[in-house]
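Here is a short briefing for a reader new to this structure.

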Amino acid sequence: MRAARLIKMVLLLQSRPSMTAGELARELEVSERTVARDVLSLSEAGVPVYADRGRAGGYRLVGGYRTRLTGLGRSEAEALFLSGVPCALREMGLADAASAARLKVSAALLPELRDAASGAAQRFHLDAPGWYQEPETPALLPAVADAVWDDRRLTVRYARKDTEVRRELEPYGLVLKAGVWYLAARVDESWRVYRVDRFVAAEAGEERFRRDEEFDLPAFWAERAAEFARSLLREEVVLRLSSRGVLQLPYVTERAAAREAIAGAEAAGGPDEDGLLTVTLAVESADVAYSQLLALGPEGEVLEPAGLRERFAAAARRTAALYG
């Protein structure tokens, strides 16, 4: 395992001008002390790793050193062929380029590893769109993707209610979420997210923007997605749940909100003497809560708000009448 880590360290330093001990420690998932020991071991083995001192210091390879330890093992080759999302590449207009790249990688592999592509494809497939919806590729997605790849400023017009809005964007990254494409962009020093299918025009200029090297697309998307989910939950419902209702709640309503409500109730005292747990659940609206919480049946009782409780009582009376 240590040998694999040393090889990875050399490849990391080979791909960048220099890296700090902290950066190497994060990439290798070890401590900075271990990084220092590994650098010493590489130096003793003849790999010319040089340490720059000072606040802006770090580690770098001297004299354009290049390692030949770039052969792929079977698991690495299979992981490489799994790293693309075929439908996403096709929608961005990159299917031909991806196919050519796979052929080149296959040709470079050892003969006994050349079945890695077909082996991976026959075992794993990612179907990005959600159920019960026919995915539609936004017509302007390839143009937007080109601007993202080239760091070119993008002028777009997009539909907002009954109007069209024009914006000049710095397109940083594309995200495919449940079959819908989103663009993360910087506009006037602020970060925003746009649905690509709402663009009615998109034109990349000749001017390139200077990308913020600290921008982390996965982290940005995770934060914005969490903010969006929280922003939808504007009302609260008080419920009394049976033990079965506690287990069912995350499957009938927003999962994070359900788990937060259950954890808060358990921390505040837990179930009562009858084994029932009273929770305060964040919901999008009373109407949404009504449609979702009906699925709990007799395992959940709405206590507040009073209007919603009455709706459930009326539904229970109608249901009882149906079944006699």
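Arg152 touches Ala147, Pro171, Ala204, Gly205, Glu206, Glu207, Arg208 and Phe209, leaving aside residues up to four places away in sequence. The model is a predicted one. Residue Arg152 sits in strand β3, which covers residues 152–160.

**Arg152**
- Is Arg152 buried or exposed? Its relative accessibility is 15%, and buried means under 20%, so Arg152 counts as buried.
- The side chain of Arg152 reaches the backbone oxygen of Glu206 at 2.8 Å.
- Glu206 is also among the residues that Arg152 touches.

**The largest pocket**
- The largest pocket holds about 600 Å³ of space.
- Strands β3, β5 (180–187) and β6 (190–195) and helix α9 (217–232) are the elements that each give two or more residues to its lining.
- Strand β3 is also where Arg152 is found.
- The lining of the largest pocket has 17 residues.
- Tyr182, Val193, Arg195, Trp221 and Phe228 lie nearest the centre of the pocket.
- By type, the lining divides into 11 nonpolar and 6 charged residues, with no polar ones.

**The whole chain**
- The protein chain has 13 helices and 10 strands.
- It has 324 residues, and 32% of them count as buried.
- Take the contacts between residues at least 6 apart in sequence: 62% of these join residues at least 24 apart.
- The protein chain exposes about 21,200 Å².

Key
Residues are numbered from 1 along each chain as its sequence is written. This is a predicted model: local features need pLDDT of at least 70, side-chain atom pairs count only at pLDDT 80 or more; totals for chains, interfaces and linings use all residues. Side-chain values use heavy atoms; hydrogens and water are left out. Helices (H or I, at least four residues) and strands (E, at least two) are DSSP runs, numbered from the N terminus. Buried means under 20% relative accessible area, exposed over 50%, partly exposed in between (1.4 Å probe, protein chains only). Contact means heavy atoms within 4.5 Å. Accessible areas come from the Shrake-Rupley method with a 1.4 Å probe; for residues, only the protein chains shown count as cover. A polar contact is a pair of N or O atoms within 3.5 Å; within protein, one must be able to donate a hydrogen and the other to accept it, and residues adjacent in sequence count only if both atoms are side-chain atoms. On a 1 Å grid over the protein atoms alone, a cavity is a set of points where a 1.4 Å probe fits but cannot get out, and a pocket is an open set with protein on both sides within 12 Å along at least five of seven lines; lining residues have an atom within 4 Å of a point. Grid points are joined across faces, edges and corners, and a volume is the space filled by probe spheres set on the points. Ala, Val, Leu, Ile, Met, Phe, Trp, Tyr, Cys and Pro count as nonpolar, Asp, Glu, Lys and Arg as charged, and the others, Gly among them, as polar.
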